[in-house]
Amino acid sequence: MAIATEPVLAKPEAPLKGSGPGLFGIKRRNRSRLVIAVLLALFSLGPLLYMVSLSFQPNGGLLGATVLIPTHPTVQNYVQAWTENSFSRYFMNSLIVSIATVIITVIFASLAAFAFARYKFPMKEVIFYVFLASLAVPNLLLLIPQFLLMDRLHLLDSLFGLILLYVASNLPFTIFLLRGFFEAIPKEYEESFRMDGAGTLRVLVSLIVPLALPALAVVSMFIFSAAWDEFPVALTMINSGSHYTLPVGLADFIGVHTVAWGPFFAASVIATVPVIVVFLISLRWFRSGVSLGAIR
Amino acid sequence: MSNSVNLERHPATKSPGAASRRSTRGHRMRRFATPYLLLVPALLIYLTFTVYPIFRQFDMSFYNWHIFPGAANPFMGWSNYTAIFHDPVVRTASFNSFLFIVITVPIQMAIGLFAAAVLTDHLPGSMFWRAAVYIPVVTSWVVVSWVFSYIFASQGGLMNSIVGLFAGHTVSIDWTAQTWTANAVIWILSIWKGVGWSFIIFLAALDGIPRQLLESARIDGASESRVWRHVVLPSIRGAVTFVTVLLVIGAAQVFTQIFEITKGGPYNSTQSLMTYMYQQAFSNFAFGYAAALASLLAVVLFGFSAAEIRILRQQDL
């Protein structure tokens with residue numbers, strides 16, 4: 001398995017102008033591809049655009065009539081979603097949990113990945129495979145013993161407990177990816193650093209981290225979206241409304257207000273925007289030379 | 001890895017005095033301990049919250065476990081396991097989970113590979129199309145489950161309007177209330193949300209095929225379908241394995257979309273193994289039984305992943 005260091009999601013685009021004969025300078029063979037691209041984008045974004053459209057629909061018009069584009073758009077749903085139902089509270093909880101999960105996972109995984117990438121030590125591959133093995137077992141399968149463990153540790157209904165579980169579930173894949181990236185960094189850089197008297201932590205902080213920044217950014221995006229969207233674990237561990245994260249709060253919202261579709265979709269849009277923004281920001285680093293999962 | 005070196009061979013020498021003061025024995029200890037110290041934080045969390053629960057769960061599965069403090073937990077031997085094999089809902093849930101895997105995984109992979117083949121670099125706006133295809137992956141399962149519920153609602157749902165347009169009269173199919181239409185909604189949603197993930201991995205894999213390989217095949221006059229069969233597909237076999245294994249593991253834990261859209265109903269007919277396990281544990285408080293179900297599933301999935309990786313590795317040789 002190798003992790004390529006070539007841009008993938010965002011290869012520098014071919015110039016639009018003058019790239020060949022044909023309409024708008026688009027190569028002829030590209031035209032049918034463009035049609036397919038538009039269809040793929042419609043398929044992917046359609047349901048989400050529909051959600052956005054519904055969120056601007058006056059509440060009375062929902063359910064009972066099919067609406068594609070609201071005739072009298074209103075932001076009332078957003079006002080209601082944000083001010084009632086402690087929705088802003090759920091938003092903050094999700095933000096705290098996701099950011100803390102990203103920070104802790106990335107730090108701990110970097111330390112471990114550095115050990116795997118740069119040291120020889122007894123049991124090295126065994127320990128590595130112990131980490132990898134859990135990738136073959138769905139995390140959700142551990143919900144019951146994790147629930148009892150959190151109960152014993154008095155970490156039920158606590159955001160800190162949730163963060164610990166999220167860190168544990170994100171560590172293996174992150175270590176696996178970062179090991180590959182760290183191994184790709186030439187050792188000579190590090191040796192000259194060591195010659196200047198740098199210790200292990202300084203090598204990691206002032207050499208490896210800056211060089212692996214694109215990889216760390218992309219990995220952070222993956223962890224952020226996983227933590228932001230996680231539902232079953234939060235549903236199981238958190239039981240007081242003031243500690244709900246967004247997915248649990250949204251699921252609860254629909255249970256309590258079965259008819260309040262407008263505010264629900266407004267809340268859904270608010271819940272979806274941050275994770276899409278984080279993804280779009282991370283595209284920059286996809287471009288600067290990292291592709292995850294180029295596992296051939 | 002064979003090419004890793006022990007960097008502590010170049011000891012930190014801040015000043016000559018400091019170096020000579022350090023005893024060689026302490027130095028060797030430090031050199032030995034460094035990688036373990038780096039591993040401690042990750043290992044501690046991982047062992048506590050992932051590895052220990054695996055064994056704890058296996059242990060629990062032999063008891064009639066009660067969550068209430070002070071309650072006795074009688075030892076049951078293998079009877080939780082024998083009960084699983086006589087539980088009709090387990091049969092339904094296994095069938096549904098199996099069907100979910102064989103339907104959603106290949107379709108996701110096919111669309112993902114197709115999208116990766118079409119959205120190449122020289123396509124104008126390739127970055128926009130690629131981002132668009134990936135975006136459903138980062139959305140929340142709870143949110144999109146309800147968006148799809150709404151689209152497939154019996155009154156005023158978008159899907160019924162479309163069907164009505166073709167039928168020529170208003171229809172009010174209650175998609176999510178009947179077993180097979182509800183399953184179809186769950187499959188469509190899961191395929192829609194999953195495509196982007198296999199898409200980016202196939203994109204990376206296709207990008208890694210050497211240009212000369214493709215060009216020489218084309219110069220030799222091979223048709224596009226032959227190029228795909230003999231050059232492209234063999235080159236991305238590793239990515240195909242990776243995607244298959246991870247998608248199957250992901251599909252085996254299908255939970256949120258069923259939990260939100262049908263709650264496993266009507267009459268447990270859309271229950272998956274994971275929703276049934278959850279219901280047994282957290283609604284019926286049959287923790288031992290649910291733990292047995294989870295342990296069994298973990299063993300099956302672990303065996304599957306190991307077998308699949310081995311089979312596809314052998315084909316590589």
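This is a predicted model: local features need pLDDT of at least 70, side-chain atom pairs count only at pLDDT 80 or more; totals for chains, interfaces and linings use all residues.
**Chains A and B**

Begin by selecting the residues at which chains A and B touch: 92 residues from chain A and 89 residues from chain B take part in the contact. On the side of chain A that touches chain B, select helix α1 (residues 28–55) of chain A, which gives the most to that side, with 13 residues. Colouring this side of chain A by residue class shows 64 nonpolar, 15 polar and 13 charged residues.

**Domains of chain B**

Next, colour chain B by its two assigned parts, domain 1 (7–60) and domain 2 (83–316). The C-alpha centres of domain 1 and domain 2 of chain B lie 41 Å apart.

**Helices α4 and α8 of chain B**

Now select helix α4 (residues 88–118) of chain B together with helix α8 (residues 179–207) of chain B; the two pack at an angle of about 45°, with their axes 7 Å apart. That angle is why α4(B) counts as oblique to α8(B). Viewed as a crossing, the passage of α4(B) by α8(B) is right-handed.

Display the side chains at this contact. From α4(B), the residues include Phe100(B), Ile103(B), Ile107(B), Met109(B) and Gly112(B). From α8(B), those taking part include Trp187(B), Ile191(B), Gly194(B), Phe199(B) and Phe202(B).

Which classes of residue make up the contact of α4(B) with α8(B)? The residues there divide into 16 nonpolar and six polar, with no charged residues.

Notes: Residues are numbered from 1 along each chain as its sequence is written. Chains are lettered from A and ligands numbered from 1 in the order in which they are written. Axes are lines fitted to C-alpha atoms, for helices over the stretch in contact, and angles run from 0 to 180 degrees between N-to-C directions. Helices (H or I, at least four residues) and strands (E, at least two) are DSSP runs, numbered from the N terminus. Angles under 35 degrees count as roughly parallel, over 145 as roughly antiparallel, 65 to 115 as roughly perpendicular and the rest as oblique. A crossing is left-handed if the near helix is turned anticlockwise from the far one by less than a right angle, and right-handed if clockwise. Two residues are in contact if their C-beta atoms, placed from the backbone, lie within 7 Å. Ala, Val, Leu, Ile, Met, Phe, Trp, Tyr, Cys and Pro count as nonpolar, Asp, Glu, Lys and Arg as charged, and the others, Gly among them, as polar. Domain bounds come from an automatic or database domain assignment.
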